[in-house]
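Work through the exercises below with the model open beside you. Each has a task and a stepwise solution.

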Amino acid sequence: MSLVKIAGLHKHFGTNHVLKGIDLEVASGDVVALIGRSGSGKSTLLRTINGLETTDKGELVVDGTALHDGKGDLRALRQKVGMVFQQFNLFPHLTAGQNVMLAPTVVKGTPKAEAQDIAKEVLLKVGLSDKFDSYPDQLSGGQQQRVAIARALAMRPKVLLCDEITSALDPELVSEVLAVVRQLAAEGMTLIMVTHEMRFAREVGNKLIFMHHGRIHESGDPKTVFADPQTPELANFVGAVQPA
Amino acid sequence: MLVQFSTWDIVRNLLDAGKWTLALSLIAFVLGGIVGLAILFARIADNRVLQAATKAYIEIFQGTPLLMQLFIVFFGLSLVGIDVSPWLAAAAGLTLFTSAYLAEIWRGCVEAVPKGQWEASATLALTYPQQMRHVILPQALRIAIAPTVGFSVQVVKGTAVTSIIGFAELTKTGSMLANATFEPFLVFGLVAAGYFALCYPLSLYAKSLERKFHVAR
Amino acid sequence: MAYRFDFAPVFEQTGLLLSGAGFTLALTAVGAVLGIGLGVTGAVCRAWKLRPFDRLFGVYVEAIRNTPFLVQLFFIFFGLPALGVRMSEWQAAVLAMVINLGAYSTEIIRAGIQATPRGQIEAAESLALTRPQIFRHVVLRPALAKVWPALTSQVIIVMLGSAVCSQIATEELTFAANFIQSRNFRAFETYFVTTALYFAMALLIRQLLVQLGQRYVVGRTR
Ligand SMILES: Nc1ncnc2c1ncn2[C@@H]1O[C@H](COP(=O)(O)OP(=O)(O)OP(=O)(O)O)[C@@H](O)[C@H]1O
Ligand SMILES: [Mg+2]
């Protein structure tokens, strides 16, 4: 049974038809890499999966929680879907530890001591157990992004969405964040990530989705899809991004 | 009636009156802040009617003279049977005036919190009140301190207008003294100095807060 | 017993109110032109540190911004005659408005001027523009365009503030209202209508200045 099920999803921004009928199934433990040209709708698709963008038509089900034509229990959905942003979006007035503890205590009512244990655990997982009391502006970009991952993990999401989470980082900081994602994938976390790191998508992903003009243009196993694109658009894209 | 006023008599009377200016400023600022906070919450609430009503409230107070606001409060309150002293009308009028401006300043501060903060907290399944309380307002508060202190200068200066509805604060007392002493140049010079002494430190403080804030960012 | 509102005695005096409003607008127009002119002068002195005028304008700006308009008006109208400077209530009102707006617009325009990117001036110099040309086209106009909304708001604030000029018997809108309510004993209704007039005037001035700004300041390019 699939963990995430999307059927016939449509989204307009005004007259701009951005998602033109998306059908997608993601099984538990899948690592999905979303690629495509700028403006093809990758971020929009990702953001609809936890309700940051409303949809006009179609169905979205995550672990039994459903949105029909954009209506349904958003908060229940969001508790199952974590998200990490390109720009980190850490809360600047809270320490790393407090950033991580906020949602468990406020949303789930987890007692403070327990939330603290959770925070320590997830910060350890991203390799930042010593930064519990640091404020975001005292951390490097890579560290901030790892805290953001930890913050999402603290809610024990069923699926984690990542939107170009290394694009705002200095090149030398990219690998420490990718290492964390790689480890999560190895542990069986379900991941849907928009990425420009083609090599990473091929190595870590078990499903590749190429978006083009608001549609899923081609998809399949990353290794075969990259090696043998079926459509000229994907061939073109792969060639442009990664001259072989 | 005093026939002769020494300069010291003038200064003493003005200092006395200055206390009323200070008291009125404090009351208007504190009460205006409380009312303004309520207006702010309605202004940014997830409710069209509240938004529109408070937007109109703010635009009306920002689009009409403080003097007219005081007149309307003064004569309006007496219409509904409340026996209004100039003191009460001044405090009520200036409170409303202050609340509208502070609400608008603070709304700007809430909007200055980056959109990503709303998104990140929404993603974590926080409700709107939770987002406000834990994520948005703490950040908006930091942004708000400098402009709020800056606006307190406008409140102090606004108290001068209450002299026109007969509240015996610094300006009113100054007018009376100027008439009695035939020394308007000296008296109004001193009155101006009194306001300057109250306002200038606030202006400087606001400016230093602003500078500190920009460095901190 | 409930109060019965009666606006008829106010509307009987519509002519008086409208002429008062006209005078308020005229005061504001003169005050705005001269005040912004003074502001440009002050801003240039401050931004380019033209000694000793930059200091003088600095003191002037702080003195005005930290004292009430009403006190400035009283000082000019009642205080200055002691030095032999006598003027009519209209002259005093205009002078007070110019001085007040001049101080605020000095600060507003200075901020705009100081935001001019260095490269713009260098580019203009490399095109062999003269200093006055550079100032007019590369510095002042973009600066005014940038701060035009702030100047617009400040002009409206000064217009609304001019209500207190009635206190020195300048016969503007509030003066007319005071006169009317002293005859008809309908203070609330009279001031209510007057307030509505002020509100309409504020909207009018905003519209006017936005249009003017788009046509003459910001230019057609944006
Ligand atoms: N908030 C918005 N309002 C209006 N249009 C939007 C909005 N967000 C995205 N769009 C439009 O939707 C389309 C898809 O945008 P989206 O951000 O999903 O693309 P993307 O594939 O993520 O591109 P990129 O690689 O540049 O991030 C674009 O045409 C974009 O202009
Ligand atoms: Mg994107």
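**Exercise 1. Chain contacts**

How far apart are the closest C-alpha atoms of chain A and chain C?

Solution. The model is a predicted one.
- Step 1: The closest C-alpha atoms of chain A and chain C lie 24 Å apart, and no contact joins these chains.

**Exercise 2. The interface of chain C and chain B**

Solution. 
- Step 1: Start with the residues. Chain C puts 35 residues in contact with 34 residues of chain B.
- Step 2: Take the area. About 2,900 Å² is buried between chain C and chain B, with 80% of it on carbon and sulfur atoms. Accessible area lost when parts come together is often used to give the size of an interface.
- Step 3: Look for charge pairs. The rule finds one salt bridge across the interface of chain C and chain B. Its partners are the side chains of Lys207(B) and Glu62(C), at 3.6 Å from N to O. The cut-off is 4 Å.
- Step 4: Count polar contacts. Three residue pairs are in polar contact between chain C and chain B, both residues at pLDDT 80 or more.
- Step 5: Assign elements on the side of chain C that touches chain B. Those giving two or more residues are α3 (53-65), α4 (69-79), α8 (173-184) and α9 (187-218) of chain C. α9(C) gives the most, with nine residues.
- Step 6: Sort that side by class. It has 24 nonpolar, nine polar and two charged residues.

**Exercise 3. The interface of chain B and chain A**

Which residues of chain B lose the most area to chain A?

Solution. 
- Step 1: Chain B and chain A bury about 1,700 Å² between them, 63% of it on carbon and sulfur atoms.
- Step 2: In chain B, the residues that lose the most area to chain A are Thr123(B), Leu124(B) and Ala125(B), together 34% of what that side buries.
- Step 3: The salt bridge count between chain B and chain A is one. Arg47(A) and Glu119(B) form it through their side chains, at 2.6 Å from N to O.
- Step 4: Polar contacts between chain B and chain A come to six residue pairs, both residues at pLDDT 80 or more.

**Exercise 4. Helix packing in chain B**

Then characterise how α2(B) packs on α4(B).

Solution. 
- Step 1: Chain B has eight helices and zero strands. Its C-alpha atoms fill a box of roughly 75 × 45 × 20 Å along the principal axes.
- Step 2: Two packed helices are described by the angle and the distance between their axes.
- Step 3: The axes of α2 (residues 48-62) and α4 (residues 86-112) of chain B come within 9 Å and cross at roughly 115°. The crossing of α2(B) past α4(B) is left-handed.
- Step 4: From α2(B), the residues are Tyr57(B), Ile58(B), Phe61(B) and Gln62(B). They meet residues of α4(B) including Leu96(B), Phe97(B), Tyr101(B) and Glu104(B).
- Step 5: By class, the contact of α2(B) with α4(B) has eight nonpolar, two polar and one charged residues.

**Exercise 5. Backbone checks**

Where does the cis peptide bond of Pro52(C) sit, and which loop holds Arg156(A)?

Solution. 
- Step 1: Recall the background. Most peptide bonds are trans, and most residues other than glycine have a negative phi.
- Step 2: Arg51(C) and Pro52(C) are joined by a cis peptide bond, with omega about -5°. Pro52(C) lies in the loop between α2 (14-47) and α3 of chain C.
- Step 3: Arg156(A) is not a glycine, yet has a positive phi of about 50°. Arg156(A) is in the loop between α5 (141-153) and β8 (159-163) of chain A.

How values were computed
Residues are numbered from 1 along each chain as its sequence is written. Chains are lettered from A and ligands numbered from 1 in the order in which they are written. This is a predicted model: local features need pLDDT of at least 70, side-chain atom pairs count only at pLDDT 80 or more; totals for chains, interfaces and linings use all residues. Side-chain values use heavy atoms; hydrogens and water are left out. Contact means heavy atoms within 4.5 Å. Buried area is the accessible area (1.4 Å probe) that two parts lose on being put together, summed over both. A polar contact is a pair of N or O atoms within 3.5 Å; within protein, one must be able to donate a hydrogen and the other to accept it, and residues adjacent in sequence count only if both atoms are side-chain atoms. Helices (H or I, at least four residues) and strands (E, at least two) are DSSP runs, numbered from the N terminus. Ala, Val, Leu, Ile, Met, Phe, Trp, Tyr, Cys and Pro count as nonpolar, Asp, Glu, Lys and Arg as charged, and the others, Gly among them, as polar. Axes are lines fitted to C-alpha atoms, for helices over the stretch in contact, and angles run from 0 to 180 degrees between N-to-C directions. A crossing is left-handed if the near helix is turned anticlockwise from the far one by less than a right angle, and right-handed if clockwise.
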